[in-house]
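Thanks, everyone. Please bring up the model, and we'll walk through it.

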Amino acid sequence: MKIKINGKEEDAAVFTSLADLMASKHLEQKAVVVEHNYNIIPKEKWHETAIAEGDNIEIVSFVGGG
Amino acid sequence: MEDCLNIADKSLSNRLFIGTGKFPDKRIVKDVIRASGCEVVTVALRRVDEDSEEENILDYIPENCTVMINTSGARNADEAIRIARLGKAMGCGNWIKIEVISDNKYLLPDNMETLKATEVLAKEGFFVFAYMNPDLVIARQLAKAGAAAVMPLGSPIGSNRGLKTEELVRIIVNEIAIPVIVDAGLGRPSDAAACMEMGCDAVLVNTAIATASNPVKEAEAFNLAVKAGRLHHLLGSIKTMPHAKASSPLTGFLRDIK
């Protein structure tokens, strides 16, 4: 299955949910925000968000900035 | 009575805002914030890099500081709006500095796209701080669109060249009712003081402090300069003269009296 994560196409394994994907990247405990096909998904909804072929996912966090 | 800056949903007693970019070591940020006395700090959003163990900048920002998220990286209004919403979802409030930049050499803001993003985000309840080229017409439109403040640049971001836009910023300060915060390019404490003397409501400094030989001491210097400039502004301007006016008695002595 091909999905796009942070602008990069990945040949991903089949994920049961967004929570599954985040766990596989060891990001489930990090202070991040996830956008799934341009919709922001709050953490409590990660497990009920299905991942499908062609999905566009952005994962962002805070960094220093002016 | 204490001189407070009433801005967005806050009343601030310190008029220096600090940016948290470019610090060689994040651990110093806490001490810089303390030395600067600042109550507002800016942060940015970036895509997570799975391979790097980057620390969360928020760990170094005291809880009593207001976090303002910038939309750096946005090239148009739509991207700025998207970044603003992502930032809000991070749970740090709704102060957003709109920064829309399509020019990579001078990093000058796109005023038209900034105005478009401001119109949308102000309606959504964000407190919008608009980083802008100092233009009175746009500043008026930003105020009308519901911006909490305008942030005209002093000179290009990170250039440390000071308040090169002085005359244009002065016009905005004189004509606009919402707070004016000079952002970008201030290189020395005297630049910050000049902004405050002129009547700006606050200044935002990042590079000059983050890249100083001693960022903590430089933060303190900027804090003092902002306070000095503000105090002078409140006292009113001084008279200038085309000729000298003696400060010491000039009655001749050690000379013969005729």
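Start with strand E5 of chain B, residues 66–70, which pairs with E6(B) in the parallel sense over 2 bridges. Strands here are DSSP runs of at least two residues, helices H or I runs of at least four, numbered from the N terminus. Pairing needs at least two DSSP bridges. B:Ile69 stands opposite B:Ile96 in E6(B). From E5(B), the chain goes through helix H2, residues 77–89, to E6(B), a right-handed β-α-β crossover. Right-handed means a clockwise path from the first strand over the helix to the second, strands pointing away from the viewer.

This is a predicted model: local features need pLDDT of at least 70, side-chain atom pairs 80 or more, while totals for chains, interfaces and linings use all residues. Residues count from 1 along each chain as written, with chains lettered from A and ligands numbered from 1 in written order.

Next neighbour: E6(B) and strand E7 of chain B, residues 127–132, pair in the parallel sense over 4 bridges. B:Lys97 has B:Phe129 as its bridge partner. Helix H3, residues 111–123, carries the chain across, again right-handed.

Now, which residues of E6(B) are buried on each side? B:Trp95 and B:Lys97 on one, B:Ile96 and B:Ile98 on the other. Buried means 20 or more other C-beta atoms within 10 Å of the residue's own, exposed 12 or fewer, partly exposed in between, with C-beta atoms placed from the backbone.
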